[in-house]
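Please look over the structure shown here with this note beside you. The points go strand by strand, then turn to the helices.

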Amino acid sequence: MTEEMFTRSRSYLERARQVIPRGVNSARRAALRPTPLAFVQASGSRITDADGNEYVDYVAGYGPMLLGHQPPSVVNAVRDQLTAGVLFGGQHEAEAELAERIIRLVPSAELVLLSVTGSEAVQAALRLARAATGRRAIVKFEGHYHGWLDPVTANGPGSPVGSGPAPRPVVVPDYSVAGPEVMVCPWDDTRALASLLERHGSGIAAVIMEPVAVNGGNLFASDGYLAEARRLCDQYGCLLVFDEVVTGFRVALGGAQQRLGVVPDLTVLAKALGSGFPISAVAGRAGVMRIAEGPVSHAGTYNGNALSVAAANATLDVLEAKQDVVYPLLERLSGELAAGVNECADRHGAPLRAARAGAIIRLHWNAPDPVRGYADVLAGRTEPLGKLSESMLRNGVHARESGLWYVSAAHTDEDVARTLAAVDRALTEVAR
Ligand code: PMP
């Protein structure tokens, strides 16, 4: 394969850079090597770039495409809705239908509010938590990501351990957006959370976490940690918020909370909910959610828009009706992929490990094996993973340079075989 492979993507990027900073509309997309790609078509597990190269796709739109690209029943539902109306600026029956579905499927959901992006729904959840408790401070965890909006950007993925605002006394509320009211705590460390809450608990509105630390290395917590976090939040009167933007409907139909058996006060959902159509939700305890009937403003021109709601209803319809097929399939395919990557790494003597949480795989290079915490994740090297994904791209597999792969129900055994062959070739190249 030669550089000719990406001619059109490269020339697209050159044009785009004249009018769009870096030529991309979401910063991380700029990181793809050897060049950010432009795409023309996607279907099932495959995606085709502007040069006509077809890839097995694990970027999956950064996670939403749990059913693969263009799932027929979702496409049909949206097409039908398109003829009836896109945006009413008022209510329509499918919104309540969707909320009823979410309440049926997600253990913590008693009431639901719809938004458009994950970042926004996180803000809605935190605002509700502040109003419910009359407190200001928020606890987040090292390496966890909750969207790009100001208040929760401290110490996201890739930040060194201990950086960002250290735990500190709660300041007098000034209603500014960012910073001092967000405390960063190591995750999966019961003592650290207990001591933070002991010192500052009376000022803390919410403890927000990814219940599986997907952005923090794709790690499960140690046995009992989530239950202990739940207990500590109750003890100090803080709300526990699970950011299930990635894990919702993906690691189980009812999300990580169902899989791991711990129920938060509020849950944020997005990505897989809409099969690529922009939709998110905050769901949770009725007593907290009802605050949105009073002082807490929840607004948005596109909230509950008819196309996204149609897509979400059709998506959940498929997931619910076919759960006995979809989830075992996702587990089997992603299990085979992760095991295959690890076996291939052993054969090459490469310090590569695939950590798996349901249909999410995260590669670690030169990290302690097994990777147990965020410090282990940071001990790994990212550069070889970039080379690996670049080589895989040249061999027909589209995966993020960070090594975070999303498996879909449209992937096949043939895709797995093709992926593992590409990993094998890539490891030969990286070794050179
Ligand atoms: N929370 C988590 C756990 C995420 O991974 C993301 C996005 N990757 C977000 C929130 C933000 O979602 P969005 O990009 O839709 O704003």
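1. Start with strand β7 (residues 204-209) and strand β8 (residues 239-244). They pair in the parallel sense over 4 bridges. Strands here are DSSP E runs of at least two residues, helices are H or I runs of at least four, and both are numbered from the N terminus. Two strands pair if DSSP finds at least two bridges between them. Find A206: its bridge partner in β8 is L239.

2. A word on the source. This is a predicted model, where local features need pLDDT of at least 70 and side-chain atom pairs count only at pLDDT 80 or more, while totals for chains, interfaces and linings use all residues. Residues are numbered from 1 along each chain as its sequence is written, and side-chain values use heavy atoms, with hydrogens and water left out.

3. Now take in the whole sheet. It is open, has 7 strands and shows mixed pairing, in the order β4-β10-β9-β8-β7-β5-β6.

4. Move to β9. β8 and β9 run parallel and are joined by 4 bridges. D243 stands opposite V268 in β9.

5. Which way do the β9 residues point? L266 and V268 point one way, T267 and L269 the other, and all are buried. Buried means under 20% relative accessible area, with a 1.4 Å probe and protein chains only.

6. Check the helices on the sheet. α3 lies across β4, β9 (266-269) and β10 (280-284), at about 125° to β4. Helix α5 (residues 190-200) lies across β5 (137-141), β6 and β7, at about 150° to β6. Axes are lines fitted to C-alpha atoms, for helices over the stretch in contact, and angles run from 0 to 180 degrees between N-to-C directions. Contact means heavy atoms within 4.5 Å.

7. Last, a helix pair. The axes of α3 (residues 93-105) and α9 (residues 306-321) come within 9 Å and cross at roughly 35°. Among the residues that meet are L98 and I102 in α3, and V309 and L316 in α9.

Conventions:
Buried means under 20% relative accessible area, exposed over 50%, partly exposed in between (1.4 Å probe, protein chains only).
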